Each structure stands twice: as C-alpha cells, then as structure tokens.
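Try each task yourself before you read its solution.

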Amino acid sequence: MMATSARHRFLEDYRAIRSAEGRGSEESAYYRALPFQDLSGRNSAQWAIRAQSYRYFERNILSQIERKTRRAVDVLDLGAGNCWMSYRLSLRTHRPVALDIFTDGMDGLAAARHYGHSFPLVEAEFDHLPFRSSSFDLAIFNASIHYSTDYRRTLHELRRCLRPTGHFVIIDSPIYRLPEHGEKMRTERHDEFQKRYGFRSDAMPSLEYFDEQTIAGLGQELNIEWSVHRPWYGWKWWWRPWKARLLGRRPPSRFWILDGVFA
C-alpha cells in the first residue's frame with residue numbers, strides 16, 4: 001500500500017491545487033449540472049471536454065453494455081472525485097460504487113451529498129480493492145488511471161473484481177504516441193506546480209500518462225482486448241498537434257477512450 005506519509009502529502013498537495021483551481025461549490029446545482037455545465041465558470045473549457053467524452057461513452061459504449069446485460073449494471077467508478085459519474089449512472093438506474101482516496105467535501109467523495117441519490121462511497125486505492133471477486137459488470141477509470149503507480153498491478157487487481165464478460169473503460173487520461181512526449185509533459189507539469197504553488201506535487205510517483213507502446217504491452221501481458229475510440233472534440237482540438245509542430249513544442253496529449261475486456 002501507499003506509505004502513509006506519502007499519501008498524506010499527496011492528498012494535501014492535491015487539495016491545495018484543486019482549491020486554487022476553483023473546484024467545487026457550496027451549491028448542489030453546481031454538481032448536478034456536471035459534466036455538461038460548469039456553473040462556477042472557472043473550469044468551463046475542461047468540463048466541455050469531459051462532457052463530450054461522457055456523451056460519447058454513453059452513446060457508443062454504455063448503451064451496448066446495457067443492451068447485452070438487459071438489467072441494471074454494477075459499476076465501479078474508479079477515481080470518482082466528486083462523484084458526478086456515479087450520479088449520472090444512477091440516473092440511468094445502474095448501481096454505481098464510487099471509489100477514491102480523496103474524501104474532500106468540495107471535490108472528493110463527500111461531495112456526493114449534493115446529488116440526492118444514494119450510492120456506496122468507498123475510500124480505497126486502485127491496487128487494493130475491497131470487493132469480492134467478480135463483483136462488477138463495468139469499471140470506469142474516470143480521468144484517473146494516470147494516478148496509478150503501476151498499470152499492470154492496478155489492472156491485475158481490477159481483473160479479479162470484474163465478471164468474466166466485464167468491461168473496463170479508461171476516459172480522459174492523456175495518451176501520447178511516444179513515451180518521451182509523456183515524460184516531457186510530466187516535467188513541464190511539475191515545474192509549473194513548483195512555480196505556481198511552491199511544490200512539485202510528486203509525493204506519490206504516479207505514471208501520469210499512457211503511450212501507444214504501453215497500451216499494446218498491457219494488452220499482450222494481461223490478455224486485454226482493446227477497443228480504441230477517438231471522440232471528436234472539435235476543430236480547435238483537432239488543430240492542437242499542428243499548432244504544436246509549428247511552434248516547435250512537444251505533441252499534445254490525446255484523449256482516446258479505451259474499452260478493455262480481459263480475454
């Protein structure tokens with residue numbers, strides 16, 4: 001398990017960053033509007049991307065699982081944050097379980113009080129899931145798997161908790177063609193944290209990105225059948241890599257949606 005001191009420092013750094021970014025609200029309407037509206041207006045561009053990702057997932061992945069199961073789906077929402085995904089799934093009459101190590105009342109599990117829907121809240125780490133084997137039909141890493149310190153260990157533990165035909169979906173985690181591009185992003189990100197907040201936010205050595213080689217390697221080692229989805233985020237998003245090339249910058253991340261099944 002994560003060392004207690006490292007976990008505490010990570011959570012304190014994370015809370016400070018999220019608070020400075022203006023995450024959360026005292027108003028329940030803010031949470032219930034997510035991801036489609038950011039009523040605070042402080043992170044609207046990011047939530048617009050999250051909304052497009054969710055709509056794509058809802059139309060192209062979740063709807064197919066619903067047709068196959070023909071019943072309410074048991075879903076593990078991994079890295080649930082303020083639980084907006086669990087809330088959206090509960091509106092579709094599914095049975096979500098929201099899991100995170102961040103329990104903050106503004107941007108963590110305790111924010112679930114705003115939704116008016118009851119679903120289990122579990123404080124736990126990705127690599128130590130407190131569930132019986134074969135408990136879930138679907139697991140969703142909701143902009144979260146890049147906080148893992150070891151993708152193989154994380155997914156091996158998840159496989160235990162999924163039913164034999166279960167899916168796991170990775171949404172809104174940065175993906176690069178080459179690992180050196182992700183490493184450059186990681187360095188830039190921590191340098192920016194140091195400059196803006198006075199700390200690098202690296203108490204927990206999370207991986208922070210995927211690259212195409214890693215995705216292929218995980219598929220081979222863990223016998224994962226991947227379906228790769230590439231949502232359309234608009235012309236401005238499409239232009240980003242060309243703009244980066246013209247300016248001599250590293251290629252930007254891509255937000256593919258990965259739908260995995262353990263074969």
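**Exercise 1: Cysteines**

The count of disulfides (pairs of cysteine sulfur atoms within 2.5 Å) comes to zero. Before going on, note that this is a predicted model, where local features need pLDDT of at least 70 and side-chain atom pairs count only at pLDDT 80 or more, while totals for chains, interfaces and linings use all residues. Residues are numbered from 1 along each chain as its sequence is written, and side-chain values use heavy atoms, with hydrogens and water left out.

Solution. 
- Step 1: (Buried means under 20% relative accessible area, exposed over 50%, partly exposed in between, using a 1.4 Å probe and protein chains only.)

**Exercise 2: Glu66 and its partner**

Task: find which side chain meets Glu66 in a salt bridge (a side-chain nitrogen of Lys or Arg within 4 Å of a carboxyl oxygen of Asp or Glu), and say what the pair ties together.

Solution. 
- Step 1: the partner is Arg92, at 2.8 Å from N to O.
- Step 2: Glu66 sits in helix H3 (residues 44-69), and Arg92 in the loop between helix H4 (84-91) and strand S2 (95-100), so the bridge ties together parts that are 26 residues apart in sequence. Helices (H or I, at least four residues) and strands (E, at least two) are DSSP runs, numbered from the N terminus.
- Step 3: Glu66 is buried at 18%, whereas Arg92 is partly exposed at 28%.

**Exercise 3: Arg189 and Glu208**

Task: is each residue of this salt bridge buried or partly exposed?

Solution. 
- Step 1: confirm the bridge. The closest N and O atoms of Arg189 and Glu208 are 3.1 Å apart.
- Step 2: Arg189 belongs to helix H6 (residues 179-197) and Glu208 to the loop between H6 and strand S7 (210-211), 19 residues apart.
- Step 3: Arg189 is partly exposed at 31%, while Glu208 is buried at 6%.
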